[in-house]
Amino acid sequence: MNVGFIGLGIMGMPMAANLVRAGFAVTTWNRTPKSLDGAAAAATVDELYARNRVVVLMLRDEEAVDEVLGRGTDRFADLMRDRVTVQMGTFRPAFSRALADDIAAAGGSYVEAPVSGSRGPAAEGTLVAMLAGASDAVDEIAPVIDAMCAQRVMCGEVPAALGMKLAVNTFLITMVTGLAEAFHFAQATGADARVLQQVLDAGPMASVVSRGKSAKLLDGDFSAQAAISDVLKNAALVEDAAVEAGIPHPLMAVCRALFADAATDRPHDDMIAVIAAIARHH
């Protein structure tokens with residue numbers, strides 16, 4: 001199968017590389033030109049869509065999607081017609097719903113496929129994909145998802161997959177923020193942080209995330225798996241969706257403020273660097 005891939009960022013590059021390793025004929029395009037071994041590079045988005053029926057989008061934000069696809073122009077309809085666009089970024093559910101409607105009106109198909117996981121799982125192919133869209137389109141792109149992800153979960157109609165992703169992110173962001181505060185608390189009260197790591201790693205709350213982020217804290221390794229700036233964007237998406245749904249979001253409001261603080265001087269560090277913002281409040 002030929003597959004187009006747009007967006008070779010911190011997640012997109014390893015995901016596209018896994019498609020190449022799985023034997024797909026991959027054509028890539030990135031707003032800042034990048035090359036991927038084993039993949040062809042299209043000169044334009046139009047060329048990429050012309051060469052591929054299935055196109056994966058892994059772009060940073062909604063504005064980038066609209067700009068890259070030429071949404072609202074005649075060019076958009078020409079690109080989308082008879083193509084399946086797989087949108088794997090994390091955006092507002094309302095945006096995804098409207099994009100799905102526009103693509104359907106242009107004669108194309110749309111699958112919502114956000115993923116749970118960061119750069120490490122993206123490289124390892126152990127992401128979890130949450131899917132929403134018409135069953136025939138989901139079935140068609142299933143082999144593409146399977147090459148990048150260890151598991152796929154069907155969530156229903158668009159935008160149910162993005163609603164699910166924001167629920168997952170609510171747990172992730174509050175959990176990692178709590179972990180950072182636990183280590184700051186230990187350090188401030190004289191408890192040994194390495195012993196804290198041992199206790200947490202051995203106990204019932206241990207997870208791949210907690211073990212990985214604890215190790216990064218103790219090693220002083222803040223290289224980004226999920227960057228502060230990206231987590232701040234996701235916290236804002238969760239809060240905005242909660243407001244739209246008319247539900248409270250007390251924990252996310254606190255986390256968003258802390259990540260906004262951390263983003264002032266550490267936007268490209270890993271999300272566990274939110275401990276710096278917690279320390280400033282102390």
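Let's start with a pair of helices. One caution before we go on. This is a predicted model, where local features need pLDDT of at least 70 and side-chain atom pairs need 80 or more, while totals for chains, interfaces and linings use all residues. Numbering runs from 1 along each chain as its sequence is written, and side-chain values use heavy atoms, without hydrogens or water.

Back to the pair. Helix 12 covers residues 250-263. Helices here are DSSP runs (H or I, at least four residues), strands are E runs of at least two, and both are numbered from the N terminus. The angle between helix 8 and helix 12 is about 60°, and their axes are 10 Å apart. Axes are lines fitted to C-alpha atoms, for helices over the stretch in contact, and angles run from 0 to 180 degrees between N-to-C directions.

Which residues of helix 8 meet helix 12? They are N169, T170, I173, T174 and T177. From helix 12 come L251, M252, C255, L258 and F259. Contact means heavy atoms within 4.5 Å. This contact has six nonpolar residues, four polar and no charged. Nonpolar means Ala, Val, Leu, Ile, Met, Phe, Trp, Tyr, Cys and Pro; charged means Asp, Glu, Lys and Arg; the others, Gly among them, are polar.

Next partner. Helix 8 also packs against helix 9, residues 193-202. Here the angle is about 140°, with the axes 9 Å apart. Helix 8 and helix 9 are therefore oblique as well. On the helix 8 side, look for L179, A182, F183, A186 and Q187. On the helix 9 side, look for A193, L196, Q197 and L200. By class, seven of these contact residues are nonpolar and two are polar, with no charged ones.

Now step on to helix 10. Helix 9 and helix 10 pack at about 170°, and their axes lie 10 Å apart. That makes the two helices roughly antiparallel. Helix 9 brings A193, R194, Q197 and D201 to this contact. Helix 10 brings R211, S214, A215, L218 and D219. The count is three nonpolar, two polar and four charged.

On to the pockets. How much space lies in the largest pocket? About 1300 Å³. A pocket is an open set of 1 Å grid points that fit a 1.4 Å probe, with protein on both sides within 12 Å along at least five of seven lines; lining residues have an atom within 4 Å of a point. Volume is the space filled by probe spheres on the points, which are joined across faces, edges and corners.

The largest pocket has 47 lining residues. Nearest its centre are M11, G117, S118, Q225 and A226. Helix 8 turns up again here: with seven residues, helix 8 gives the most to this lining. Strand 7, helix 6, helix 10 and helix 11 are among the elements supplying at least two residues each. The lining has 21 nonpolar, 18 polar and eight charged residues.

Last stop, the second largest pocket. Its space is about 190 Å³. Of its 13 lining residues, A100, A104, Y110, A134 and V158 are closest to the centre. Helix 5 (93-105), strand 6 (109-112) and helix 7 (135-148) each give at least two. Helix 5 gives the most, with four. Six lining residues are nonpolar, three polar and four charged.

Terms used: Angles under 35 degrees count as roughly parallel, over 145 as roughly antiparallel, 65 to 115 as roughly perpendicular and the rest as oblique.
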